Amino acid sequence: MKQQVPFLDLSLIDQELKSALEQKFSEMLSKGIFSGGEEVDFLSNNLAKYLNTDNEVIPCSNGTDALEVALRALGISEGDEVIVPALSWISTAEAVSMVRAIPVFIDTDTSGLMDLGLLDKVINPMTKAVIGVHLYGKMLDMEKLVAWGKLNAVKVIEDNAQGFGAHQGGKSAGCWGDVGCFSFYPTKNLGALGEAGALITHDEQLAKKIRMLINHGQSFRDRHEMLGRNSRIDSIQAGFLNVKLAYFKKWQEKRKILADIYLQNLTGVGDLILPETILGSEHNAHLFVVQSNFRDELKQYLEDMGIGTAIHYPTIIPKMKPYLIQKEFHVSEIWSKRALSLPLNPFLKKNEVWYIIEEIKKFYSKTS
Ligand SMILES: Cc1ncc(COP(=O)(O)O)c(C=O)c1O
């Protein structure tokens, strides 16, 4: 029987969490503090605790601002070059362009992540930073990237918008680079009820600069040391994130259980290539991305069967209108034509995953 399985429906949070969020909203309404305040401080501490880091965590308005502020704090400006992957969400490159620096795109490897082997091919005296992206929730080899950055005096920024909760050798994603940038956009594994983000750095001076940059360059109220902006987090979002963080571990376990069912039952089906490393600690199971030569047909078939899917991403950044770079990025292009994200979220039921699996099998039995 045909079922309806949305790719992600954020209204499906359980009653217990709904009540906890409503209570937090009500408490904050009574206190009347809607900018700054204790919830923002709690969030900073709670995130540091969860990530098991001594680095300073600075909540901010969203992940895109976090990237731009990180670049500004590192002194990246007009004419500087910043290496970014061709395959990512546009923010990774957009932030570079917004500080008037030049994004230098490099291709991805066969796992969909930035190909670190290509760094030496594009570095030159203008290269000031590299933004590594933990795409789909899968971590880049950070030991390698950080070592390369040190060797070449190039700053390393982590775009950890998708990787919250992943870790490598016991060290959390976002805590490796000179600055780590987080997004708590509602669809992320830890999502606010609106826009939110954070920055992390181990460098106290940099942390001080970041705190000023996101607050109009102020060191204290009305003391403006530099030009900044308003990239503060909404207190209410900080409050909601503090509530949701308590559920995060449980949700991660659910994601991994569902990912395991997909893996066990889709292996060898049709021409599918599966995200084999998704159960490991270096992956936070943010997205379950499969690859197929029949991606568009499979997507359409699943949609006809009531199953929502998504494509991350149908166009690589250098081929988008603001960039239109002539160079070829073969592997990224292949990903953009073959990748399909299946539903994977803590609100998904096991029977829905079984339904998706059965329908994928039916699709391939019809196409072969
Ligand atoms: C890889 C990547 N970078 C940056 C961002 C930007 O985050 P935000 O939407 O919070 O600005 C996102 C989120 O959409 C993302 O997926």
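Author: This is a predicted model, in which local features need pLDDT of at least 70 and side-chain atom pairs pLDDT 80 or more, while totals for chains, interfaces and linings use all residues. Residues are numbered from 1 along each chain as its sequence is written, and side-chain values use heavy atoms, without hydrogens and water.

Reader: Which residues come nearest to the ligand?

Author: A residue is near if one of its heavy atoms lies within 4 Å of the molecule. There are 14 residues around the ligand, and those that come nearest are Gly63, Thr64, Asp159, Gln162 and Ser183.

Reader: How many residues of the shell around the ligand are charged?

Author: Asp, Glu, Lys and Arg count as charged; Ala, Val, Leu, Ile, Met, Phe, Trp, Tyr, Cys and Pro as nonpolar; and the others, Gly among them, as polar. The shell has five nonpolar and seven polar residues, and the charged ones number two.

Reader: What is the distance from the side chain of Ser183 to an oxygen atom of the ligand?

Author: A polar contact here is a pair of N or O atoms within 3.5 Å. For Asn62 the distance to a ligand oxygen is 3.5 Å, and for Lys188 a polar side-chain atom lies 3.1 Å from one. For an N or O atom in the side chain of Ser183 the distance is 2.7 Å.

Reader: How many aromatic pairs are there?

Author: Rings of Phe, Tyr and Trp (its six-membered ring) pair if their centres lie within 6.5 Å; planes under 30 degrees apart are stacked, over 60 edge-to-face and the rest tilted. By this rule the count is 16.

Reader: What are the centre distance and plane angle for Tyr136 and Trp335?

Author: The pair of Tyr136 and Trp335 is tilted. Its centre distance is 5.9 Å, and the angle between the planes is 35°.

Notes. Polar contact = N/O pair within 3.5 Å; in protein donor to acceptor, adjacent residues only side chain to side chain.
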